[in-house]
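Have the sequence and the 3D view open as you read.

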Amino acid sequence: MDKYTILLADDEEEVIQAIMKKISWDSLGFSVIGYAANGVKALEMVEEFQPDVVMTDIKMPYMDGMELSNRIKAEFPATKILLFTGFDEFEYAKEAVHLEVEEYILKPVNSAELTKIFTQLKIKLDQEISEKRNVKTLQKYYMESLSLLQADFYSALIEGRVAEDEIAKYLTDYQIEFTEPYYSCLVIYTSSSQVPEDMNPMLLSTSVQKQAKEHLAEKWKAKCFSYLGNTVLITQLKDENEITELTDECDRFCRYARRMIGAAVTIGIGSVCGNILGLAQSYSSAREAVSYRVIYGASRAINMKEIVPQKMYRPGSENDMELSNLFKMIRLGSEEDVLEAVDKYLNYTAFPNKSLQQHHIDIMELIIALYRFSMNHDIELEDFSGDIRKLYSRLLDLEPDALRKWLADSSLSFRGKLISERNKSTRSFVSKAEDYVHQNYADEGLSLDSVCEVLGVSNSYFSTIFKKETGSSFISYLTDYRMDRASCLLIETNEKSYMIAKEVGYTDPNYFSYVFKRRFGVSPSKYRTEHA
């Protein structure tokens, strides 16, 4: 990492400017990404940019430096914090120690002192990065594996090879504890095509597994092991609703892994089950969720329940792998992938010396599978809305090339319908959130958490979809809508500014004025005068 990023927070503009100008940040190995005049704005910038260091005053409006530090340590524990203030108070110092801040600096800030502090901080940050990327450390860790018996048991669980009457014996013999009532599988996929120059893919994957243990395993009482080239975690939940919190935490971990060790990590979140025998299904859905990175992007968590319809096609008694692959390509692949899957399926069924009876059976199984797929995904195509017997008779008369064209056209139509329905579903999802804002913007408690709770989705998934559809974050959309409503009330009514602030969801009239001026460039009173 060439330069570490730093965010400055102080309500005194001259202090900020002095710090920015008097310190040679480049030579120290730091880059100032910006500054904030209050704690609320600083927290917003931390969430957006995730700086390596935050240097904040204690006395600030709306949210002081102590509360800001608490929030940063809770949500971004890797961020280093420097506190500075003009008030030499012992209680502040004690709490600063409790927060494990790097330094507690008294104003006025001395440039020589700051240079010394950041020189030492640079050394500490370099050591932490070096420790995480140290090849010898990773090689040593790679040689240390989990108990083979435990790993074999976990693998057998997700493969569905453990009989119910054998579970108690395995848990006792292998000293494994499952203490919570619900479980969910996580599949952690580390890209082998995006690897730092000084590390090979195997060591990078090992590093990700180590970091996943440190950040996720303890809280979620997770069992961690390697399986088919990925890291798998069997997490434990107190109740089913914790899955949204788990999804958000996994999403933060993916971004952390990208920033700290240069790994592009995708985590698939499997379905929740109330019995460890259900982990096979949970693992299957988690692995499929990872494959959706081609749609939703890497370096994020993907909860299968949130992104696909509840009714999913599952291969039936025909157990035809090529047909199953065709349906997978219809859901996830490009047009070229679908056409290639059509060819593979037809080549698979066109084996030599096939009898006419076997050909009739293949056509019937194909029609049944396609019909089931259309029903499960609520797709209406002309061929599958009429008499199936007529379709069957028509396909039996088609020559090989004509049958290939029909299957290719039908498959591409299915794919187009799925894409269209997915887009409609996403737009409807965002519209519900917008309608909720329009109806509840006056509620001071309206937040990202509350709207996600109403919609029943995780913060990470909602934020990604909302920004993709609207071009702005949910908080920015809510703030803009409130300001638009406030501007109308200022022009159309004679109400006092503090009353208007309350009507649009702000209990603090000073903060309302601050946000309003940031949006329109003038205070509420001046805005009313200019538009009267």
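In what follows, contact means heavy atoms within 4.5 Å. Keep in mind that this is a predicted model.

Start with the open sheet: five strands in the order 7-8-6-9-10, with mixed pairing. Strand 7 (223-227) and strand 10 sit at the edges with a single partner strand each, so one side of each has no neighbour in the sheet. On average, neighbouring strands here are turned by 25 degrees against each other, direction ignored.

Now for strand 9 (residues 265-269), which pairs with strand 10 in the parallel sense over four bridges. Thr266 is found opposite Arg300 in strand 10. With strand 6 (residues 182-190), strand 9 pairs in the antiparallel sense over five bridges, and Leu186 has Ile269 of strand 9 as its bridge partner.

What about the two faces of strand 10 (residues 300-303)? Both are covered: Arg300 and Ile302 are buried on one side, Ala301 and Asn303 on the other.

## Helices across the sheet

Helix 11 lies across strand 6, strand 8, strand 9 and strand 10, and runs at about 170 degrees to strand 9. Helix 10 lies across strand 6, strand 7, strand 8 (230-237) and strand 9, at about 150 degrees to strand 6.

## Where the helices meet

The axes of helix 10 (residues 201-217) and helix 11 (residues 242-261) come within 11 Å and cross at roughly 135 degrees, so the two helices are oblique to each other. Their crossing is right-handed. Among the residues making the contact are Leu204 and Val208 of helix 10 and Phe253 and Tyr256 of helix 11. The contact residues split into eight nonpolar, three polar and one charged.

Terms used: Residues numbered from 1 in each chain as written. Predicted model: local features only at pLDDT ≥ 70, side-chain atom pairs only at ≥ 80, totals over all residues. Heavy atoms only, no water. Axes fitted to C-alpha atoms, helices over the stretch in contact; angles between N-to-C directions. Parallel < 35°, antiparallel > 145°, perpendicular 65-115°, else oblique. Left-handed = near helix turned anticlockwise from the far one by under 90°. Nonpolar A, V, L, I, M, F, W, Y, C, P; charged D, E, K, R; others polar. Buried < 20%, exposed > 50% of the residue type's maximum accessible area, 1.4 Å probe, protein only. Pairing = 2+ DSSP bridges.
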